[in-house]
Amino acid sequence: MRINEAWHKANVMPKNATLDQRILRHAEHAKHCACRPVPPPLLELVEKHEG
Ligand SMILES: [Zn+2]
């Protein structure tokens, strides 16, 4: 398990993030960091976002 601290510091999740923002962030997060998996309810949407 690796944390990309620089990415996390530069990409803090807003408290009131919309679903779109969360999907985008998880997609970006998966590219840059592997500290935790995408939550299952979002995984399908993130994969769709990835194309
Ligand atoms: Zn992370």
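Modeller: Let me start with the fold: the protein chain has three helices and zero strands (DSSP runs, H or I of at least four residues for helices, E of at least two for strands, numbered from the N terminus). Its radius of gyration is 11 Å, close to the 10 Å that the globule rule gives for 51 residues, so the chain is as compact as a globular protein of that length (taken over C-alpha atoms; the rule is 2.2 Å times the number of residues to the power 0.38). The C-alpha trace spans about 25 × 25 × 15 Å along its principal axes.

This is a predicted model, where local features need pLDDT of at least 70 and side-chain atom pairs count only at pLDDT 80 or more, while totals for chains, interfaces and linings use all residues. Residues are numbered from 1 along each chain as its sequence is written, and side-chain values use heavy atoms, with hydrogens and water left out.

Now to your site. The zinc ion has four protein donors, at 1.9 to 2.4 Å: His 8 and His 29, each through NE2, and Cys 33 and Cys 35, each through SG. Donors here are N, O and S atoms within 2.8 Å of the metal (3.2 Å for Na, K and Ca), and a site may look incomplete because water is not among the atoms. The angles among the four donor atoms are 108 to 112 degrees, and the site is tetrahedral (all angles between 85 and 135 degrees). Read along the chain, the donors are spaced H-x20-H-x3-C-x1-C.

How exposed are these ligands? His 29 is buried (under 20% relative accessible area; exposed is over 50%, partly exposed in between, with a 1.4 Å probe and protein chains only). Cys 33 is buried too, at 7%, and Cys 35 counts as buried at 13%. Over the chain, 24% of the 51 residues are buried. As for cysteine pairing, the whole structure holds zero disulfides (sulfur pairs within 2.5 Å).

Finally, the surroundings. The largest nonpolar core has five residues: Ile 23, Ala 27, Val 38, Leu 42 and Val 46 (buried Ala, Val, Leu, Ile, Met, Phe, Trp, Tyr and Cys joined through side-chain atoms within 4.5 Å). Beyond its neighbours within four places in sequence, Leu 42 is in contact with Leu 19, Arg 22, Ile 23 and His 26 (heavy atoms within 4.5 Å).

Notes:
Four donors count as tetrahedral if all angles lie between 85 and 135 degrees; four count as square planar and six as octahedral if opposite donors are over 155 degrees apart and all others between 65 and 115; anything else is irregular.
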